[in-house]
Amino acid sequence: MARTLAWLPSLLALALLGLSLGAPAAAEDPPGVKPAPPGAGEKPGAPAPEEADPDDGADDKVPFVEEINRAIEQGVSWLKAKPRLFPLEEATAAHWGLVKGEKIYGGGDGPQYRHPAGPTALALYTLLKCGVDPKDPVITEGFHWLRVEHAIVELNDGMEQPEWRWRHAQAGSAYEISVMILALCAKYDHYKRNKNSADGVKRGKLKMGDKADLEWLHELVQGLVERRGMPAEEPEAKARLGWRYNAPFLKWSRTVSFGRGTRNESFERQVRVPPHANQDISSTQLAALALYTAQRFGAKIEPQVWWDIIELVLSHQEEDGPERQRHDPGYQKGGYAPPKDKARGFMYIKGSPDGSEGKATGSMTACGLGTLLICKEVLCESDKGRKLFLEKKLDSTIERATYDALAWLDLHWSAFNNPVSQYGYPIYYLYSLERALDILGKNLVGSHLWYTEGARAILDVAKKAEVKERLKKGTRNVPGMYWETGATHEPKDVLDTCFALLFLKRATKGLVPSGPVTGGDDAPADGR
């Protein structure tokens, strides 16, 4: 890697999703739903043997590549069959989320906003990345729901107890907005199967043909940028460098009669100050990914936003760590001794006393690494930005941060379980790893083929279920596959399945328009 880490501005970026996508929210959370309690349902994976043959197949001797492709196909079938369908404004709508619960998000009694836009957008993004046609009914139905039902209003029918109608014309959290941006852009970016789109990536510009979608994209981008560090008592302070949840606290009002008079009660949408910090590495990574993707479609992001993100992310990397010899086949083939790095990971919220929030973990180290690469790519696209980048000495700083993050991932390597995390999220960890390593163009973490080992572990915990596939007339039963580790947010099966499919499909890989920046690793053993 040292041979080519001159970091020519050809790094590139990308999730979910995450999807991602609460009451004080737990660490490493993917898009849009409340965290599971520490240790909830974490299941160990089944890492491959050190000398595994990538094509040894399963018990039925299906080649590994075919096994992966079959899992993607069946996972897509399950995800397409999962949403709730209902009529909405003279059309059919679909969503994959939970709209209403019994407790207010963040504590207290009352209706709960369960981030339905997050899982819905993540499911759409996943399906599109897995090759589902944007004109497929399930895609149009999902986007119809997002467009019509993505703001919150209350509806009091005059009864003693109020009834609520939930709409979502403005997504409730930074996670949701980020994944909605990714899903919307994915409708128009089929770089893995469309030559014209691939050419657009190389030119740094893609087109969004639908004017309404383009306007919606700019609205979402503006809303996401405005949510940085909110709420904050000092808007210009360093508390405005990145993102956290911006999760809504809903307070309804009505006029109540009593005695000889009445009393007015107001309805408000407030944002509570989250515990420990109002920005974290997980939310910030997804926001950076979304903004970068939107920028390829012409959205304007001020350079200061990217400088601020770098400042935040670098501040969340461990200051020191144990030495770790770098595994680099290039050094070994040339007869040179590989250099030593310091294993320094990234943490969710620096200084947080809760669980593993203030400790470096696998998912957050991958998120921090991927975010730095995104920011560097954007800022170095212009001569002016590249010059300023060098003047700030960020080139060497990020190079060192990258090597040390890779050393941390090597030292704590796991093919499934999220290293050091007390909160689980094993498949989210693997998807975070895919984003960072495919941006970097590396196929190895230390001596580990991360994709082969991670894919094996994901396939090992897959669940099978027969699902109904919709046809033009009627339905038919087809084999489906899904994932549910129990160690993520609700809806657990949707989120785990999305992260698994995005990893298996390597959704980030084709984002680099001019090829990977680093070399020295052998090609992926499965050729994916």
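What follows is a conversation about a predicted model, moving through some of its helices, loops and backbone angles.

Reader: Let's start with Thr120; which helix is the place of Thr120 in?

Author: Thr120 sits in helix α2, which covers residues 117–129.

Reader: And is Thr120 buried or exposed?

Author: Thr120 is buried, because its relative accessible area is 0%, and buried here means under 20%.

Reader: What does Thr120 touch, leaving out residues up to four places away in sequence?

Author: With those set aside, Thr120 touches Ala94, His95, Trp96, Gly97, Gly142, Trp145 and Leu146. For one of these, His95, the C-alpha atom is separated by 5.2 Å from that of Thr120, although the two residues are 25 apart along the chain.

Reader: How many residues of α2 as a whole are buried?

Author: The helix is mostly covered, with 13 of its 13 residues buried.

Reader: What span should α2 have, and what do its end C-alpha atoms show?

Author: At 1.5 Å a residue, the 13 residues of α2 should span 18 Å, and the end C-alpha atoms are 18 Å apart, so the two values agree. Just after α2 comes Gly131, whose phi is positive at about 95 degrees.

Reader: Which residue other than glycine has a positive phi near 50 degrees?

Author: That is Glu89, whose phi is near 50 degrees. Glu89 is placed in the loop between β1 (84–88) and β2 (91–95), and it counts as exposed because its relative accessibility is 54%, where the cut-off for exposed is over 50%.

Reader: What about Lys393, where does it lie and what is its phi?

Author: Lys393 lies in the loop between α11 (383–391) and α12, and its phi is positive, at about 60 degrees, although Lys393 is not a glycine. Lys393 is also exposed, because its relative accessible area is 60%.

Reader: Then on to α12 itself; how many residues has it, and how far does it reach?

Author: Helix α12 runs over residues 394–411, which makes 18 residues, and it reaches 25 Å from its first C-alpha to its last, close to the 26 Å expected at 1.5 Å a residue. Of those 18 residues, 13 are buried, and α12 is therefore described as mostly covered.

Reader: At what angle do α8 and α12 pack?

Author: Helix α8 (residues 303–315) packs against α12 at about 45 degrees, with the axes 12 Å apart, and that angle makes α8 oblique to α12. The crossing of α8 and α12 is left-handed.

Reader: Which residues make the contact?

Author: From α8 there are Trp307, Ile310 and Leu314, and from α12 there are Leu394, Thr397, Ile398 and Ala401. Sorted by class, the contact of α8 with α12 has six nonpolar residues, one polar and no charged.

Reader: Why would residues three or four places apart point the same way?

Author: An α-helix has 3.6 residues a turn, so residues spaced three or four places apart point the same way.

Reader: Switching to α4 and α7, how do their axes cross?

Author: The axes of α4 (residues 174–186) and α7 (residues 281–295) come within 9 Å and cross at roughly 30 degrees. The two helices are therefore roughly parallel to each other, since the cut-off for that description is under 35 degrees. The crossing in which α4 passes α7 is left-handed.

Reader: Who meets whom there?

Author: Tyr175, Ser178, Val179, Ile181, Leu182 and Cys185 of α4 meet Ser282, Ser283, Leu286, Ala287, Leu289, Ala290, Thr293 and Ala294 of α7. By class, the residues of this contact divide into ten nonpolar, four polar and no charged.

Reader: And α1 with α14, what is the packing angle?

Author: Helix α1 (residues 64–81) and helix α14 (residues 450–460) pack at about 55 degrees, with their axes 11 Å apart, and they are therefore oblique to each other. On the α1 side the contact is made by Phe64, Glu67, Ile68 and Ala71, and on the α14 side by Tyr451, Thr452, Ala455, Arg456 and Leu459. Those residues comprise six nonpolar, one polar and two charged.

Reader: Last one: which residues does a cis peptide bond join?

Author: The cis peptide bond joins Glu490 and Pro491, with omega at about -10 degrees, and Pro491 lies in the loop between β14 (475–482) and α15 (492–505). The loop between β14 and α15 also holds Thr485, which is buried because its relative accessible area is 5%.

Technical notes: Residues numbered from 1 in each chain as written. Predicted model: local features only at pLDDT ≥ 70, side-chain atom pairs only at ≥ 80, totals over all residues. Heavy atoms only, no water. Axes fitted to C-alpha atoms, helices over the stretch in contact; angles between N-to-C directions. Helix = DSSP H or I, 4+ residues; strand = E, 2+ residues; numbered from the N terminus. Parallel < 35°, antiparallel > 145°, perpendicular 65-115°, else oblique. Contact = heavy atoms within 4.5 Å. Nonpolar A, V, L, I, M, F, W, Y, C, P; charged D, E, K, R; others polar. Expected span 1.5 Å × (residues − 1). Buried < 20%, exposed > 50% of the residue type's maximum accessible area, 1.4 Å probe, protein only. Left-handed = near helix turned anticlockwise from the far one by under 90°.
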